Amino acid sequence: MEETIRGTEAAPLTGQIPTQRGDSLLETAVRYAEERHWDVLPGAWLEIVDGVQRCSCGDPACAAPGAHPARTDWPAQATGSATVARRLWQKQPTASILLPTGRTFDAMCVAETAGFLALARMERMGLTPGPVTRTPERRMQFFVLPGACAKLPGLVRERGWSPSSLDLVALGEGAYVAAPPTRYGTRGAVQWARRPTPANRWLPDAGELISALAYACGRDR
C-alpha cells in the first residue's frame with residue numbers, strides 16, 4: 001500500500017502528520033488539530049506505581065491502560081483548537097491522544113487480518129482509503145466521513161450479509177479512537193497502517209469502502 005507502518009523515515013512532506021517516532025505527544029496532538037482539523041482529547045496516562053506500570057485511573061485491571069478518557073465529561077473537553085490542545089497537554093504531557101468520532105470522522109473497525117486484506121483489495125479496486133490505525137488489540141480503524149454508524153447496517157445487508165455475522169462495527173458520536181503514538185500499557189502503541197497525508201485529507205464515505213471491508217470480514221470469519 002502507499003502508506004504502510006514505518007519506523008525511522010525521512011522528514012515528512014509539508015502539511016503531513018509527523019512520523020510516529022521522535023515527536024512528543026503534545027506536538028503530535030497539536031498537529032492533529034492544526035493540520036487535520038480533528039478534535040483532540042487528552043486521556044489517561046501511564047505511570048509507575050511501586051515499580052509497576054499502571055493506568056492513571058488507578059484500576060490495576062484497567063482494560064485499556066493509558067488509552068481511555070480520564071474524565072466522564074470528556075466530550076466537552078475535546079478541542080479542535082491547536083492553542084487549547086497545547087495548553088491541555090502542557091498540563092499533562094504524558095496524556096494519551098484520543099480522537100472523538102462522530103465529529104469530523106467516523107471509524108470503521110475490523111480485525112487486523114481483515115483490515116490488511118481490505119487494504120489490499122482497495123488497492124486493486126483503485127480506491128483511496130483515508131487514514132487507518134492499527135491498535136495493540138489487533139484491530140484496524142478506517143477513518144470515513146461522519147454518518148457511518150447509521151449507514152452501516154443497511155450497507156452490509158445490501159451486500160447479502162447480516163450485520164451481526166461480520167466483525168465490522170462503526171464508531172460515531174459518543175465514541176473515540178486512540179491515536180498514534182498512544183500506548184496501551186505494556187501491549188504496545190497505536191500505529192498508522194495508513195498515515196494521514198495530503199493525499200487522503202478528503203475522507204471517503206462508508207459506502208465507498210464497504211464492499212472491500214465486508215468481503216474481507218467475510219473471508220476472515
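The largest nonpolar core of this predicted model comprises 26 residues, and those with the most contacts inside it are Met-108, Val-110, Met-122, Phe-142, Leu-168 and Leu-213. A nonpolar core is a set of buried Ala, Val, Leu, Ile, Met, Phe, Trp, Tyr and Cys residues joined through side-chain atoms within 4.5 Å; buried means under 20% relative accessible area, exposed over 50%, and partly exposed in between (1.4 Å probe, protein chains only). Two or more residues each are given to this core by strand 5 (106-111), helix 4, strand 7 (139-144), helix 5 (148-158), strand 8 (168-171) and helix 6 (206-219). Helices (H or I, at least four residues) and strands (E, at least two) are DSSP runs numbered from the N terminus. Helix 6 supplies the largest share, eight residues. Another core, of 23 residues, lies apart from it and includes Trp-38, Ala-95, Ile-97 and Ala-107.

Arg-121 is located in helix 4 (residues 112-125). Arg-121 counts as partly exposed because its relative accessibility is 25%. Beyond its neighbours within four places in sequence, Arg-121 is in contact (heavy atoms within 4.5 Å) with Ala-212 and Tyr-215.

Two strands pair if DSSP finds at least two bridges between them; strand 4 (residues 97-100) and strand 9 pair over three bridges. Tyr-176 in strand 9 is the bridge partner of Pro-100.

Residues are numbered from 1 along each chain as its sequence is written, and side-chain values use heavy atoms, with hydrogens and water left out. In this predicted model, local features need pLDDT of at least 70 and side-chain atom pairs count only at pLDDT 80 or more, whereas totals for chains, interfaces and linings use all residues.
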